[in-house]
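These are notes on the model, in numbered points. Please read them with the structure open.

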Amino acid sequence: MAWTAHVLTLFPEVFPGPLGASLAGAGLDKGLWTLSVTDIRNFATNRHRSVDDTPYGGGGGMVLRPDVVDAALETAKRAQPAAKAVYLTPRGRPLCQDLARALVAAEGLILLCGRYEGVDERVLEKHALSEVSVGDYVLSGGELAAMVVVDSVVRLLPGVMGNAASPKEESFGSGFGGLLLEHPHYTRPAVWQGRAVPAELQNGHHAEIRAWRRRQAEAMTQARRPDLWRVYSGEDDTGGRET
Ligand code: SAM
């Protein structure tokens, strides 16, 4: 069975969005991965089909009800018993390339998108959801975060990227221990508005090109990501960043 992302959301109409475009979209069309989207509101039971309620303890905003989210999760788990269930939340484990590599090895994902103030804690506990964050900022809902997670994962599936790029050589690629940003890229024309493509890339000498790219990747990482650089260069042997 193809790797499946099963999204639970109050806004199913925003999918597939960018996941339906370009290489991820072509992979979806070819059946290299599948996307299923469920409207959490389908599991509302009261007359008004409400999915949220006011928070205990007061304060602004609304909280997604545990009974509604539970019913959505139970149904998704029955459809995909081996999938890993994830709640998108700013307090989750930060998404990084290592995590994307781990998630592609899972037998598909169930992705719970929160809204408003979030989801009642008890249903998160009951389902022991893994929690993933896409960064230290607050989005209005989990949908964009789910798209980011799914995009980072499906491009690692065999056949999705074709020859477009090697995940090994990209930023955080396994080729450099996951610690280097990528080198710069150039295409034709060889001289554009007085700026020439570096000579090293034009001589067709593969070893020199590799060495140039490596030097550039190292310089870029040292300048922009001192946290990664310290680990790569051995200054920090604790593993450095959080993964
Ligand atoms: N009250 C929450 C807090 O302070 O952490 C923020 C709730 S946010 C407005 C609504 C939903 O957006 C969250 O339940 C979560 O699903 C999603 N979300 C927001 N920021 C996110 C992030 N950085 N990573 C992943 N999901 C996020």
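1. Basis. This is a predicted model, in which local features need pLDDT of at least 70 and side-chain atom pairs count only at pLDDT 80 or more, while totals for chains, interfaces and linings use all residues. Residues are numbered from 1 along each chain as its sequence is written, and side-chain values use heavy atoms, with hydrogens and water left out.

2. Domains. The protein is split into domain 1 (3-154) and domain 2 (166-233), with bounds from an automatic or database domain assignment. Their C-alpha centres are 35 Å apart.

3. Largest pocket. The largest pocket holds about 650 Å³ of space. A pocket here is an open set of points on a 1 Å grid over the protein atoms alone, where a 1.4 Å probe fits, with protein on both sides within 12 Å along at least five of seven lines; lining residues have an atom within 4 Å of a point. The volume is the space filled by probe spheres set on the points, which are joined across faces, edges and corners. Of the 34 lining residues, Tyr87, Arg115, Glu117, Gly118 and Val119 are the closest to the centre.

4. Pocket lining. Strand S5 (84-94) is among the elements that give two or more residues to this lining, and S5 provides the largest share, 5 residues. Helices (H or I, at least four residues) and strands (E, at least two) are DSSP runs numbered from the N terminus.

5. Helix H5. Helix H5 (142-154) also contributes to the pocket lining. Of its 13 residues, 10 are buried, including Met147 and Val150. Buried means under 20% relative accessible area, exposed over 50%, and partly exposed in between (1.4 Å probe, protein chains only).

6. Aromatic pair. Which form does the pairing of Trp229 and Tyr232 take? The pair is tilted, at 5.4 Å centre to centre and 40° between the planes. Rings of Phe, Tyr and Trp (its six-membered ring) pair if their centres lie within 6.5 Å; planes under 30 degrees apart count as stacked, over 60 as edge-to-face and the rest as tilted. Both residues lie in helix H7 (residues 226-232). Trp229 counts as buried because its relative accessibility is 15%, whereas Tyr232, at 22%, is partly exposed.

7. Backbone points to check. Most residues other than glycine have a negative phi, and most peptide bonds are trans. The bond joining Phe15 and Pro16 is cis, with omega about 5°, and that from Arg188 to Pro189 is cis with omega near 5°. Phi is positive at Ser22, near 55°, and at Ala128, near 45°. Ser22 is in helix H1, while Ala128 is in the loop between H4 and S7.
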